[in-house]
Amino acid sequence: MKHFFILICLLLVSSTRSTQANDVQKVLPRFLISASSEVKQDRKEIRRLEYSPRDYDAATAWQKQVRAELVELLLLKGSLADREQWDLGVKVLSTTEQPGYLLREVTFNSTPNQRINALVTLPLGLGTGLFPAVVCIHGHSSNRRSVYESDTIYHGFAARLAAMGMVTVAVDVGQHEVRNPDTTLMGERLFDLIRCVDYLESIPEVDPKRIGCAGLSLGGEMAMWLGAVDLRIRAVVSAGFLTVMDQLEQNHCLCWKFDGLRERVDFADIYALIAPRALLCQIGEQEPPSQFNKVLAKQAFSEIYRIYADKDAPKKARLHIHPGGHEMHLPTLSSFLLEILGTSP
Ligand SMILES: [Zn+2]
């Protein structure tokens, strides 16, 4: 905008100096018209797939198209198709008993060339049968253990779910290194989580129809992506992340961004791919205005809500503004997952 005004001033000065006063009338309007259509063009190239209200079937068709385009941009199409042939090759490294559950360290194959470490918990003393399961996701500067630790911003939410009788799994979310040059950072992060769902499905005690995911911050972002792309996820808790892309381009790490994303969608559209499956977004009242604040969260949520209304599931999308800061709020996380995924056998 600053350059725009400087250019106008220069144009006016040079035109005023000109002995041909008529040139100002001729040149200035043309310049303004061309600048304004350029601005319009720029905005057109942002979020061209934005969701707008439509009927149930048209909403499903929109989801299918947007999901396919995003999977393509994430460079995940090949791996998603091939992974059924890829053996997980699970190895148990250790098992320890915790109050109410067994904690195992395991490794399995994400791709044929990449093994990943995971923590998994199995309920104890609740009998036999099928259990609900949750992929628990950490954010920046944390690791798979952080979500089980009570003295962190995660408040040990994974341990809480484990003690409630849910199977849980957590892996290290890629921070800023891309392991394979033919992939994207976001695609690698997401694919590891999709393989967690494959792994959960391979556990005989897990009910494959009752798998959810939950995360905070970057983990809340990854919960959004996992729910959006993997239709096996029945419930998503996305904490400390709901915002708009214009905001996240300021004062924040840009690792959420990749080529072609902004041109197609905003975060509300990615969340919209989860409908009509259950979604709980949490935002802390004490989040600083420059970060994941409640005003922008409400704005984004009102956009997500449109597709839930179109899909006859308005009660499946919820936004909880809690009194805390950038942290997981355990009471609503637990009650939401219990309500949607159910209790143990
Ligand atoms: Zn980052």
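Which residues have the most contacts inside the largest nonpolar core? The points below take up this matter after a word on the model.

1. Basis of the note. This is a predicted model, in which local features need pLDDT of at least 70, side-chain atom pairs count only at pLDDT 80 or more, and totals for chains, interfaces and linings use all residues. Residues are numbered from 1 along each chain as its sequence is written.

2. Overall make-up. The protein has twelve helices and nine strands, taken as DSSP runs (H or I, at least four residues, for helices; E, at least two, for strands) and numbered from the N terminus. Of its 345 residues, 39% count as buried; a residue is buried if 20 or more other C-beta atoms lie within 10 Å of its own, exposed if 12 or fewer, and partly exposed in between, with C-beta atoms placed from the backbone. Among the contacts with a separation of 6 or more, 69% are made by residues 24 or more positions apart, a contact being a pair whose C-beta atoms, placed from the backbone, lie within 7 Å.

3. The core. The largest nonpolar core has 92 residues, and those with the most contacts inside it are Ala-118, Val-135, Cys-136, Val-169, Leu-190 and Leu-226. Helix H6 (residues 185-202) gives the largest share of this core, nine residues. Such a core is a set of buried Ala, Val, Leu, Ile, Met, Phe, Trp, Tyr and Cys residues joined through C-beta atoms within 7 Å. Leaving aside residues up to four places away in sequence, Ala-118 touches Val-106, Phe-108, Arg-144, Val-169, Ala-170, Val-171, Cys-196 and Tyr-199.

4. The sheet. Nine strands form an open sheet with mixed pairing, in the order E1-E2-E3-E5-E4-E6-E7-E8-E9. Its edge strands are E1 (91-98) and E9 (317-322), each of which pairs on one side only. On average, neighbouring strands of this sheet are turned by 20° against each other, direction ignored. Two strands are taken to pair if DSSP finds at least two bridges between them.

5. Strand E4. Seven of the seven residues of E4 (residues 131-137) are buried, so this strand is largely enclosed by the rest of the structure. Phe-131, Ala-133, Val-135 and Ile-137 point one way, while Pro-132, Val-134 and Cys-136 point the other way, and all are buried. E4 pairs in the parallel sense with E6 (residues 206-216) over six bridges, and in that strand Cys-213 is the bridge partner of Val-135. With E5 (residues 167-171), E4 also runs parallel, the two being joined by three bridges; here Val-135 stands opposite Val-169, and the bridge partner of Val-134 is Thr-168.

6. The crossover. E4, helix H5 (residues 157-163) and E5 make a right-handed β-α-β unit. The hand is called right-handed if, with the strands pointing away from the viewer, the path from the first strand over the helix to the second runs clockwise.

7. Helices on the sheet. H6 lies across E2 (101-111), E3 (114-123), E4, E5, E6 and E7 (233-239), and runs at about 150° to E5. Helix H12 (residues 330-341) also packs on the sheet, where it touches E4, E6, E7, E8 (278-284) and E9, its direction making about 170° with that of E7. For these angles, axes are lines fitted to C-alpha atoms, for helices over the stretch in contact, and values run from 0 to 180 degrees between N-to-C directions.

8. Helix H6 by itself. At 1.5 Å a residue, the 18 residues of H6 should span 26 Å, and its end C-alpha atoms are 26 Å apart, which agrees; the expected span is 1.5 Å times one less than the number of residues.

9. Local backbone points to inspect. A cis peptide bond joins Ala-275 and Pro-276, with omega about 5°, and Pro-276 has its place in the loop between helix H10 (267-272) and E8. Asn-251, in the loop between helix H8 (245-248) and helix H9 (261-264), has a positive phi near 50° although not a glycine, and is exposed, with 9 other C-beta atoms within 10 Å. Asp-312, in the loop between H11 and E9, likewise has a positive phi, near 55°, and is exposed, with 11 other C-beta atoms within 10 Å.

10. Ala-309 lies in helix H11 (residues 294-310) and counts as partly exposed, with 13 C-beta neighbours inside 10 Å. Its C-alpha atom and that of Asp-55, 254 residues apart along the chain, are separated by 9.6 Å.

Terms used
Contact = placed C-beta atoms within 7 Å.
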